[in-house]
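Here is a short briefing to read alongside the sequence and the 3D view. Have both open, and we will go through the main points by topic.

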Number of protein chains: 2
Amino acid sequence: MLGRDYPAENCSIARALEVVGERWSLLILRDSLFRGMTQYSEFEESLGLASNVLANRLARFVTEGLLVHDGNRYRPTQMALDLAPVLLALTQWGDAWAAPDGAPVIYHATDKGTLRVEILDEGGHPTDPRLTEIVALPGPGSRST
Amino acid sequence: MLGRDYPAENCSIARALEVVGERWSLLILRDSLFRGMTQYSEFEESLGLASNVLANRLARFVTEGLLVHDGNRYRPTQMALDLAPVLLALTQWGDAWAAPDGAPVIYHATDKGTLRVEILDEGGHPTDPRLTEIVALPGPGSRST
């Protein structure tokens, strides 16, 4: 798909954005993961986007392995469920910086209350990104070139 | 900017994507936050994107309050530093699902080791999104309509 790749990048942020960085993609997955939507008509009504765009996005998610198309329902896979931290992190940032009237939505689980995302250090302790200088280091999958 | 808004959405995910959802935006912020890049030429060399696109993105980040332009340097604000959990969450997802050779990059802080992001419940305990049904509920900033 033209203009969707970042070929020079050996970086998991870039690769993640190749799959879910397109306009509407993360909102479709939000509706799938947290609002229980499974049918084309539900996504269409929720998002109000052009039907060819919605159809393309859903088909691509099936190809990529994020959704399974079963009858007339689209159900999220584990690959999609694993995006929950991305969506919650975006929520927290939007709540903090782009929600003057307060959080429009809270994300909640039975017996767990309101959920949030935090950065944890190697020992499992929460770390404030404002007070922490985070640096990128080569990992096991870095290129030797 | 045409096609960048999600006007029907009262959702912090959508609002966050209006600011940082465009192509290249999160990669520029990655380089600013985690790779110490401050100069136009550093971003240009790192990302290899068209100079008019890079100039537009940097100017918009300054307008939105994510970067401060000081002399010939662009420095991240707290608004930008607060995106660290989003970037780390995207990294984890990409490492898990789109990095067959292993994590290309690890994010590290002195005295804290390798950092990761987790969903915490209201009591501060880590919660596995695969085992948790997360639901969206109206928050204090929800519209009454």
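How many bridges join β5(B) to β6(B), and do they run parallel or antiparallel? Two bridges join these strands, and the strands run antiparallel. Please keep in mind that this is a predicted model. The points below set that pair of strands in its sheet and then turn to the contact between the chains.

**The four-stranded sheet**
- The pair belongs to an open sheet of four strands, ordered β6(A)-β5(A)-β5(B)-β6(B), with antiparallel pairing.
- β6 (126-127) of chain A and β6 (126-127) of chain B stand at the edges with a single partner strand each, so one side of each has no neighbour in the sheet.
- In β6(B), B:L120 has B:P126 as its bridge partner.
- Between the chains, β5(A) pairs with strand β5 (residues 116-120) of chain B in the antiparallel sense, over five bridges.
- To find this pairing in your viewer, look for A:L120, whose bridge partner in β5(B) is B:R116.

**Helices on that sheet**
- α6(A) lies across β5 of chain A together with β5 of chain B, and runs at about 100° to β5(A).
- Helix α6 (residues 84-97) of chain B also packs on the sheet, where it touches β5 of chain A together with β5 of chain B.
- The direction of this chain B helix makes about 100° with that of β5(B).

**The three-stranded sheet**
- Another open sheet has three strands in the order β7(A)-β3(B)-β4(B), and its pairing is antiparallel.
- Here β7 of chain A and β4 (113-114) of chain B are the edge strands, each with a single partner, so one side of each is left without a neighbour in the sheet.
- β7(A) and strand β3 (residues 105-109) of chain B pair over four bridges, and A:P138 has B:V105 as its bridge partner in β3(B).

**The contact between the chains**
- Chain A gives 74 residues to the contact and chain B gives 74 residues.
- On the side of chain A that touches chain B, the largest share comes from α6(A), with 14 residues.
- That side of chain A divides into 44 nonpolar, 17 polar and 13 charged residues.

**A helix pair within chain A**
- α2(A) packs against helix α3 (residues 40-47) of chain A at an angle of about 120°, with the axes 11 Å apart.
- The two helices, α2(A) and α3(A), are therefore oblique to each other, and their crossing is right-handed.
- A:L27, A:I28 and A:D31 in α2(A) meet A:F43, A:S46 and A:L47 in α3(A).
- By class, the contact of α2(A) with α3(A) has four nonpolar, one polar and one charged residues.

How values were computed:
Residues are numbered from 1 along each chain as its sequence is written. Chains are lettered from A and ligands numbered from 1 in the order in which they are written. This is a predicted model: local features need pLDDT of at least 70, side-chain atom pairs count only at pLDDT 80 or more; totals for chains, interfaces and linings use all residues. Two residues are in contact if their C-beta atoms, placed from the backbone, lie within 7 Å. Ala, Val, Leu, Ile, Met, Phe, Trp, Tyr, Cys and Pro count as nonpolar, Asp, Glu, Lys and Arg as charged, and the others, Gly among them, as polar. Two strands pair if DSSP finds at least two bridges between them. Axes are lines fitted to C-alpha atoms, for helices over the stretch in contact, and angles run from 0 to 180 degrees between N-to-C directions. Angles under 35 degrees count as roughly parallel, over 145 as roughly antiparallel, 65 to 115 as roughly perpendicular and the rest as oblique. A crossing is left-handed if the near helix is turned anticlockwise from the far one by less than a right angle, and right-handed if clockwise.
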